[in-house]
Amino acid sequence: MISFIIPVRNEEKALPRTLANIREYRGSHEVIVADDQSSDGTVAAAKTNSDLVIENTSHVRITIGANRNLATLKAKGELFVFADADSYVMDPNDFFPKVEAMFRDDPRLGALTFFNRFTPGMETWRDRFFLAYFLQAPKTFSTAL
């Protein structure tokens, strides 16, 4: 089973599309959203299409890494997929079975990453700049899925 973990803070606009995209995956999975004191409708959006919403209700904001770590403590899956609230996978039912097979077939594999796109219509000039740089940056290794 895959545990999809999405750390969020004020992602009301982007989150519904990402959750809908993940829900397209027909394999065994759960969706956990870890919210860090959102002041918009993020929590309500998360509750409509995720299995678990973890809310940081303390008076101290936490880092995105700490938010992810809190979610992993509640996750039931054998694989964790960390996603941002504004990213998506073109074809989850093609991509994630390949990911599961890679982990099943190679016990040395500890983590992987994938090129992601930002939610269409919501990307900023900074996002486009990052992607332009990322696509041109030298890669130390490459594995095609």
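**Charge pairs and exposure**

Me: Why is Asp84 called partly exposed?

Reply: The relative accessible area of Asp84 is 33%. Buried means under 20%, exposed over 50%, and partly exposed lies in between (1.4 Å probe, protein chains only). Asp84 therefore counts as partly exposed. The model is predicted, so local features need pLDDT of at least 70 and side-chain atom pairs pLDDT 80 or more, while totals for chains, interfaces and linings use all residues. Residues are numbered from 1 along each chain as its sequence is written, and side-chain values use heavy atoms, without hydrogens and water.

Me: What makes Asp84 and Arg68 a salt bridge?

Reply: The rule asks for a side-chain nitrogen of Lys or Arg within 4 Å of a carboxyl oxygen of Asp or Glu. Here the closest N and O atoms are 3.9 Å apart, so the pair qualifies. The pair links distant parts of the chain, 16 residues apart. Asp84 sits in the loop between strand S4 (79-82) and strand S5 (87-88), Arg68 in helix H3 (residues 64-74). Helices (H or I, at least four residues) and strands (E, at least two) are DSSP runs, numbered from the N terminus.

Me: How do you know that Lys47 pairs with Glu55?

Reply: Their closest N and O atoms are 3.5 Å apart. That meets the rule, so this is a salt bridge. Lys47 is exposed at 51%, whereas Glu55 is partly exposed at 38%.

Me: Why is Arg108 called exposed?

Reply: Its relative accessible area is 75%, so Arg108 passes the cut-off. Arg108 meets Asp106 in a salt bridge at 3.1 Å, N to O. Asp106, at 24%, is partly exposed.
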